[in-house]
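Hi,

Here is the structure I promised to pass on. Please open it first; my notes follow below.

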Amino acid sequence: TAALAARGMFADTLIVVTTDNGGPTTECSTTGQSNWPFRGSKCSIYEGGTRGTAFLHWQGLPRRGVTFTGLAHAADWLPTIVSAVGSRLWPNETLSLDGLDLWDALLSNGTSPRKSVYYGISQKHDGPAVRDVQGYKLILSSSGGGQGQWSPQQLPHVASSCHINATYDK
């Protein structure tokens, strides 16, 4: 940020830090992450593998310290950032997008226009799954892309048999 400020660009810069998945714990590597309180990790379609965080900073944001809890998907970043810079996507400028513009919802901490998220298959070819705006997830497989356990190495006081219902992972 100091380099942006030195060039007089900081006030006009939207900084976005995000992830595309939860941290790897027990499903595809064990590198010390914890997705607690969510079940599963990277390479699974449980919330611990699909839920991520993001951080936005821009001096023009109307409020600071707000946590947006609306439903969002990584595909929403393109139309959202285009809207944030005051532009729009023109016909035939891109292939059709699955992403939705969340900018107004982010500014007002309002309701997300996204009502569901579809997950294809995991790296282990399990799935698909769909998550709705109420937080329920329907997983159409026996495993969800992995065991979906909480790691006993990271949470030594949680039994490895601690599971959430395999059909609805809220």
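Confidence by element: helix α1 (residues 2–6) has the highest mean pLDDT, 94. Helix α2 (residues 47–50) has the lowest among the elements, 80. Keep in mind that this is a predicted model. Over the whole protein, the mean pLDDT is 78. Of its residues, 75% reach 70 or more. Treat residues 158–170 with care: pLDDT stays under 50 there. The model still gives that stretch 30 contacts beyond four places in sequence.

Now the fold. The protein has 4 helices and 5 strands. Along the sequence they run α-β-α-β-α-α-β-β-β. There are 170 residues, and 30% of them count as buried. Among contacts with a separation of 6 or more, 52% join residues 24 or more positions apart.

Is Arg114 buried or exposed? Arg114 counts as buried, because its relative accessibility is 9% and the cut-off for buried is under 20%.

Its side chain meets backbone oxygens. That of Asp98 is reached at 3.1 Å. The backbone oxygen of Ser116 also lies 3.1 Å from a polar atom of the Arg114 side chain.

Best wishes

How values were computed
Residues are numbered from 1 along each chain as its sequence is written. Side-chain values use heavy atoms; hydrogens and water are left out. Helices (H or I, at least four residues) and strands (E, at least two) are DSSP runs, numbered from the N terminus. Buried means under 20% relative accessible area, exposed over 50%, partly exposed in between (1.4 Å probe, protein chains only). Contact means heavy atoms within 4.5 Å. pLDDT is the predictor's confidence in each residue, from 0 to 100. A polar contact is a pair of N or O atoms within 3.5 Å; within protein, one must be able to donate a hydrogen and the other to accept it, and residues adjacent in sequence count only if both atoms are side-chain atoms.
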